[in-house]
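Student: I'm new to this structure, and I'd like to learn how to read it. Could you walk me through it?

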Amino acid sequence: MNTPHVVVVMGVAGTGKTTIGPLLAARLGVPYAEGDDFHPPANIDKMSAGVPLTDEDRWPWLDALGSWAHGRAGLGGVVSCSALKRSYRDRLRAAAPGLVFVHLTGDRALIEDRMSHRQGHFMPTALLDSQFATLQPLQADETGVAVDVAGSPEEITERAMNALTALPEPAP
């Protein structure tokens, strides 16, 4: 199934954006971009030290992601990005108006457990509370779906595909 959608796989740290994003992109037959790769080194240094990013830290990162998404408009693609605040999603949509969001959601205890078993990732579990405090779920006027992260990556991807299939195709 190919799609002209550019999909942002969003959610707090530990929901599986980096796992589900590539699986979803493969199912859709489109490229995947790892959102963390768009962070400037200063952002990674802050997060590695357990310091939450400010909005000012995030703007260049969001602009880089928006530029990538804009370049994929009409072609499709999947990119991971926490996109926790409405203002972040609005900034992404300003660069790439047809974005569709897949919000990975789940129980905090499950997410913390998964984070504690990750290796080689700069985001410590200590920042999970700040992520949940910052999270503003998708609103009714935002194109997207919420997908529960319980189960295997394949089950989560299948739920995401089913939810995306139910969305109307973007306007040309």
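Student: In which strand is S80 found?

Tutor: S80 is found in strand β3, residues 77–80. Helices (H or I, at least four residues) and strands (E, at least two) are DSSP runs, numbered from the N terminus. This is a predicted model, in which local features need pLDDT of at least 70 and side-chain atom pairs count only at pLDDT 80 or more, while totals for chains, interfaces and linings use all residues. Residues are numbered from 1 along each chain as its sequence is written, and side-chain values use heavy atoms, with hydrogens and water left out.

Student: How many helices and strands does the protein have?

Tutor: The protein has seven helices and five strands. From the N terminus on, they run β-α-β-α-α-β-α-β-α-α-β-α.

Student: Is S80 buried or exposed?

Tutor: Buried means under 20% relative accessible area, exposed over 50%, and partly exposed in between, with a 1.4 Å probe and protein chains only. S80 has a relative accessible area of 3%, so S80 is buried. Across the protein, buried residues make up 43% of the 172 residues.

Student: What does S80 touch?

Tutor: A contact means heavy atoms within 4.5 Å. Leaving aside residues up to four places away in sequence, S80 touches V9, K17, Y32, A33, E34, G35 and L65. There are polar contacts too, a polar contact being a pair of N or O atoms within 3.5 Å; within protein, one must be able to donate a hydrogen and the other to accept it, and residues adjacent in sequence count only if both atoms are side-chain atoms. The side chain of S80 makes one with the side chain of E34, at 3.3 Å.

Student: Which strands pair with β3?

Tutor: Two strands pair if DSSP finds at least two bridges between them. β1 pairs with β3 in the parallel sense over four bridges, and V9 stands opposite S80. Strand β2, residues 32–33, also pairs with β3 in the parallel sense, over two bridges; there Y32 has V78 as its bridge partner.

Student: How do I read the two faces of a strand?

Tutor: In a regular strand the side chains alternate between the two faces of the sheet. In β3 both faces are covered, with G77 and V79 buried on one side and V78 and S80 buried on the other. Strand β5, residues 144–148, has V145 and V147 on a covered face, and G144, A146 and D148 on an uncovered one. β5 pairs with strand β4, residues 100–105, in the parallel sense over five bridges, and H103 stands opposite A146.

Student: Which residues of α3 are buried?

Tutor: They are D57, R58, W61, L62, L65, G66 and A69. What covers them includes β1, α2, β3 and α4.

Student: How is a pair of aromatic rings described?

Tutor: By the distance of the centres and the angle of the planes. Rings of Phe, Tyr and Trp (its six-membered ring) pair if their centres lie within 6.5 Å; planes under 30 degrees apart count as stacked, over 60 as edge-to-face and the rest as tilted. By this rule there is one aromatic pair. The ring centres of W59 and Y88 are 5.8 Å apart and the planes are at 80°, so the pair is edge-to-face. W59 is in helix α3 and Y88 in helix α4, 29 residues apart, and the pair links distant parts of the chain. W59 is partly exposed at 23% relative accessible area, whereas Y88 counts as buried at 1%.
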